[in-house]
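Subject: Structure handover

Hi there,

Here is the structure I promised to pass on. Have a look at it first, and then read my notes below.

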Amino acid sequence: MQLTGSDETDLLLPLYAGVHDQTGWSTFLERLRRRTGADFASLIFAQGDTPIHLSKEVFVGRDLRAEVQSRGLLQLYQQHRIPYKSLRPGRVYQLTELVAGDVDAHQAYEIINQQMGLSDERVVRIKERDGTSAWLMVARSSDQFTAADGALMNAVAPHVAIALRSFVLTERQRVEGAAVRDGLSRAGLGWIVLS
């Protein structure tokens, strides 16, 4: 799917701005949520071996993590976790595909979706060179996502990868800058900028 000019304005500009925006990627996610008719849209970031359910998440719509906990489904979810880290980057998956070969996981997934009132979920993994992974997810409580919804996520995924790379570099520079400032402060030194 080719992104149109309105897609670029509506989705990509807030995606790239989200790297530096105080609200993170909320504007991008809200527009993606509305565009796909989802009840929930999120970007989940994991570094190294951090499990996805403990990773940083920016979301709009329903708070599915809080709902899983409040409904007492966390243990069931943790026992039958979907192998998100094994997903091929850049491919949009319907979550039912990921549990199709495992009867116990499929049953757990069905119970969780029924209790949560979810009818369909889609996810695409974005992988950064330094080991950071991100997952762009949408979920809805009525009907199935269309092929056009999947194509849109597929078309947006490379742009999310670029935004993720920029975010990782920006965060690294921020942390290094803070360490330098702390070191200079402890040494009783400072720096000035001449313009």
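Before the details, one term: two strands count as paired if DSSP finds at least two bridges between them. Please also keep in mind that this is a predicted model.

With that term in hand, I44 stands opposite W135 in β5. A second residue facing β5 is F45, which sits opposite A134. In total, 8 bridges join β1 to β5, and the two strands run antiparallel. Towards β2, β1 is held by 6 bridges, again in an antiparallel arrangement. There, S42 has F59 of β2 as its bridge partner.

How enclosed is β1 by the rest of the structure? Buried here means under 20% relative accessible area. By that cut-off, 7 of the 8 residues of β1 are buried, so the strand is largely enclosed.

Next, the helices. Helix α1 (residues 5-17) and α2 have axes that come within 7 Å and cross at roughly 145°. From α1, the contact uses D7, T9, D10, L11, P14 and L15, while α2 brings T27, F28, R31, L32 and R35. Sorted by class, that contact of α1 with α2 holds 5 nonpolar, 2 polar and 4 charged residues.

Further along, A148 lies in helix α7 (residues 147-186). With 48% relative accessibility, A148 counts as partly exposed, because that class covers the range between 20% and 50%. The C-alpha atoms of A148 and T36 are separated by 8.6 Å, although the two are 112 residues apart along the chain.

Which part of the structure gives the most to the lining of the largest pocket? First, the pocket itself: the largest one has a volume of about 530 Å³. It is lined by 30 residues, and L64, R65, V68, Y77 and Y84 are the closest to its centre. The answer is α6, with 6 residues. At least two lining residues each come from β1 (40-47), α3 (64-70), α4 (74-79), α5 (95-99), α6 (103-116), β4 (120-127) and β5 (132-140). The class count for the lining is 21 nonpolar, 5 polar and 4 charged residues.

Finally, the overall picture. The protein chain has 7 helices and 5 strands, which follow the pattern α-α-β-β-α-α-β-α-α-β-β-α along the sequence. Of its 195 residues, 42% count as buried. Among contacts in the chain with a separation of 6 or more, 62% are between residues 24 or more positions apart.

Best wishes

Notes: Residues numbered from 1 in each chain as written. Predicted model: local features only at pLDDT ≥ 70, side-chain atom pairs only at ≥ 80, totals over all residues. Heavy atoms only, no water. 1 Å grid on protein atoms, 1.4 Å probe; cavity = no way out; pocket = protein on both sides within 12 Å on 5 of 7 lines; lining within 4 Å. Points joined across faces, edges and corners; volume = space filled by probe spheres on them. Helix = DSSP H or I, 4+ residues; strand = E, 2+ residues; numbered from the N terminus. Nonpolar A, V, L, I, M, F, W, Y, C, P; charged D, E, K, R; others polar. Buried < 20%, exposed > 50% of the residue type's maximum accessible area, 1.4 Å probe, protein only. Axes fitted to C-alpha atoms, helices over the stretch in contact; angles between N-to-C directions. Contact = heavy atoms within 4.5 Å.
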